[in-house]
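Biologist: Could you put the model up and walk me through it? I would like to go through the chains one at a time and ask questions as we go.
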Amino acid sequence: MSTIATPGGPVRRLAGLLYRRPYLRLAGLLSAPLLWLVVAYLGALAALFAAAFWTTDVFTGEVVRQFNLGNFQELWSQGVYRTITLRSVGVAVAVTVVDGVIAFPMAFYMAKIASPRAQRWLVIAVLTPLWASYLVKAYAWRVMFSGTGVLNWVLDPFGIHGPGYGLPATVVTLAYLWLPYMILPLYAGLERLPNSLLDASGDLGARTFRTVIWPVAFPAVIAGSIFTFSLSLGDYITVKIVGGKSQLIGNVVYDNVGAANNLPFAAAVATIPVAVMVIYLVAVRRTGALDNL
Amino acid sequence: MNQMNTEEPGVSAAVTLRGLRKTFGEVTAVDDVDLEIRDGEFFAMLGPSGSGKTTVLRMIAGFETPTSGEVRLGDRVVTKLPPFERDVNTVFQDYALFPHMNVLANVEYGLKVKKVGKKERRERALQALRSVRLEGFDGRRPGQLSGGQRQRVALARALVNRPKVLLLDEPLGALDLKLREEMQVELKAIQREVGITFLFVTHDQEEALTMSDRVAVFNAGRIEQVGTPAEVYEKPASAFVAGFVGTSNLIEGEAAQSILGRPGVYSVRPEKLRVETDLDAKLPEGEHSATGTVAEVVYAGAATRFVVDLDAGGRLVALQQNLQSSSMDVLKLREARVRLVWRREHEFAIPGPT
């Protein structure tokens, strides 16, 4: 093959080699992310699952690496864990619903009504809260929910007292934190909805939202809900800051890693949100919402 | 300038527009449009983009509210009514089929909203699909159809509601040339079959001329001329119409004075011009001629286009059928001295400023 002239330096030669060998190109493109995905991501998840079946020695506190279903038996038999799981799922559902209800009109305005200029600014406005630290925002809500906070100051003249710290405060704070993750997919989804589709629906009848906008936007709603739902399900900081004495799955994991020093049990608890998410995704698939993507 | 020679007794108007205006902020999109479209007519609104034709269509459909003026459907004033309370349906340029419904559900949609019984609904929808020659496609999703098929579904979806007037917004704009020509013939046939007034918007002058009974030519938010395709093509009411519908072939200024012996602006269609190489032959009675130099010869298979710079000033385009000549013969005429000859009745004075 010496007849092929390769002018230029090594860069040109490399470019030529990559041009002639597509699999080399692909390997160059994907090997680093694949390595990360398999080793760091899936590997960690596998380690988590494996650890969930180990135990700790009661006396030394050291991890005993022997297959054992004890952790899961305890999770199942102790009513408190079931309660905490249901509570966590309830909070995640509530946050998702609140975010969906707030985000939909906002995303619709951004995608369909606002001028292109206003659209850009609104996207920036939705994104900027993500620059601020999670803790700052959570503590800001703690101050607002406190006995002498803004919320009570507004509500007191009407004879109402704010909810104080607890699950409602947790839902409100989480809904605030994850709102951009619901708005952005919805905005992207609604932007893809052609205006002529709205015109056509108006031309043929008047049930535009239920029969046209909602079905077309549904995959985007699902995408957003996956964010808000999973982020809420794994959270343990917000509930510590504004949740009063409430415990969620995340707190159980955290306490078992730290105070109780029972890593295998923490791993077993951590599989609960994973399982819930898998069930959620399978259920979403069943609805056929993802067929129109 | 509006020509309103449409008040024929016995023919009722399907659509009447009176003093229709629409402004978007500072921009006047539609400026004082009067128009009457007859029952059962295939009517074209022709104009370049931004001439206001689509805005007029959208005001008839009900997607836009006029700034002032009136829209009437039959005897009913519908200026401020929402789209679904008007007896019209629209076929959209991008078809606007609902992607999450199959073809049948798309076609049935309008009837379902109007609470037509399931059995009748199905029957009418299948009938509409038959009329656009799409039998057996009812179970498909729009994403599985070709452009031409989607176009037909959109047509069926509108026709199934039996509107008084069917509005078509650049209905063939998204199709390729071959399909477009087929659909032109088909649309015309479907219109004859269903007998509904078709009002369509296009920027393609050929489409407007071949398909419609009458044409309104739009320019800068106003109607320049309303007439049959032959009237608009052969007797353009303004220089704009002459240029937009067909090739602008104007004789004006000094050229008009020296060739025709009178001042003004005149238009002659390219195919009416005869190219002669014998400059001194006797001119037959009733014909005009102008000498010039061929600047360009464009061979186009069935015909050849000659661009001729006139000695008297100006430039004319002549279209000659390649009946006897071959490409070699005509191409040799580049830079040759020629004489353009035409019959006097084929030159038309164009009123108004140029």
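Modeller: One definition before we start, namely that two residues are in contact if their C-beta atoms, placed from the backbone, lie within 7 Å. Please also keep in mind that this is a predicted model.

Biologist: Fine. Into which domains is chain A divided?

Modeller: Chain A is divided into domain 1, covering 10–52, and domain 2, covering 70–287. Taken over C-alpha atoms, the centres of these two domains of chain A are separated by 33 Å.

Biologist: And how many residues of domain 1 of chain A are in contact with domain 2 of chain A?

Modeller: Four residues of domain 1 of chain A are in contact with seven residues of domain 2 of chain A. On the domain 1 side of that contact, the classes are four nonpolar, no polar and no charged residues.

Biologist: Staying in chain A, at what angle do helix 4 and helix 10 cross?

Modeller: The axes of helix 4 (residues 79–113) and helix 10 of chain A cross at roughly 140 degrees and come within 8 Å. Angles over 145 would count as roughly antiparallel, and helix 4 and helix 10 of chain A are therefore oblique to each other. The crossing of these two helices of chain A is right-handed.

Biologist: Which residues meet there?

Modeller: From helix 4 of chain A the list includes A:Ser88, A:Val91, A:Ala92, A:Val95 and A:Asp99, and they meet residues of helix 10 of chain A, among them A:Val221, A:Gly224, A:Thr228 and A:Phe229. By class, the contact of helix 4 with helix 10 of chain A has seven nonpolar, seven polar and one charged residues.

Biologist: Now the contact between the chains. How many residues does each one put in?

Modeller: Chain A contributes 15 residues to the contact and chain B contributes 16 residues. On the side of chain A that touches chain B, helix 9 (195–204) and helix 10 (208–233) of chain A each supply at least two residues, and helix 9 of chain A gives the most, with seven residues. The residues on that side of chain A divide into eight nonpolar, four polar and three charged.

Biologist: Over to chain B then. In what order do the six strands of the open sheet run?

Modeller: The six strands of this open sheet in chain B follow the order 6-7-8-3-9-10, with mixed pairing. Strand 6 (88–91) and strand 10 (222–227) of chain B are the edge strands, each pairing on one side only, and the twist averages 20 degrees from one strand to the next.

Biologist: How do strand 3 and strand 9 of chain B run, parallel or antiparallel?

Modeller: Strand 3 (residues 42–46) and strand 9 (residues 214–219) of chain B run parallel and are joined by four bridges. Within that pair, B:Leu46 stands opposite B:Val217 in strand 9 of chain B.

Biologist: What lies across strand 6 and strand 7 of chain B?

Modeller: That is helix 4 (residues 147–159) of chain B, which lies across strand 6 and strand 7 (165–169) of chain B and runs at about 175 degrees to strand 6.

Biologist: Last topic, strand 14 of chain B: how many bridges join it to strand 15?

Modeller: Eight bridges join strand 14 of chain B to strand 15 (residues 303–310) of chain B, and the two run antiparallel. B:Val298 stands opposite B:Arg305 in strand 15 of chain B, and in the hairpin of these strands, which has two residues between them, B:Gly301 takes a positive phi near 75 degrees. Strand 14 (residues 287–300) of chain B also pairs with strand 17 (residues 337–343) of chain B, in the antiparallel sense and over seven bridges, where B:Thr291 stands opposite B:Arg339.

Terms used: Residues numbered from 1 in each chain as written. Chains lettered and ligands numbered in written order. Predicted model: local features only at pLDDT ≥ 70, side-chain atom pairs only at ≥ 80, totals over all residues. Pairing = 2+ DSSP bridges. Axes fitted to C-alpha atoms, helices over the stretch in contact; angles between N-to-C directions. Nonpolar A, V, L, I, M, F, W, Y, C, P; charged D, E, K, R; others polar. Parallel < 35°, antiparallel > 145°, perpendicular 65-115°, else oblique. Left-handed = near helix turned anticlockwise from the far one by under 90°. Domains from an automatic or database assignment.
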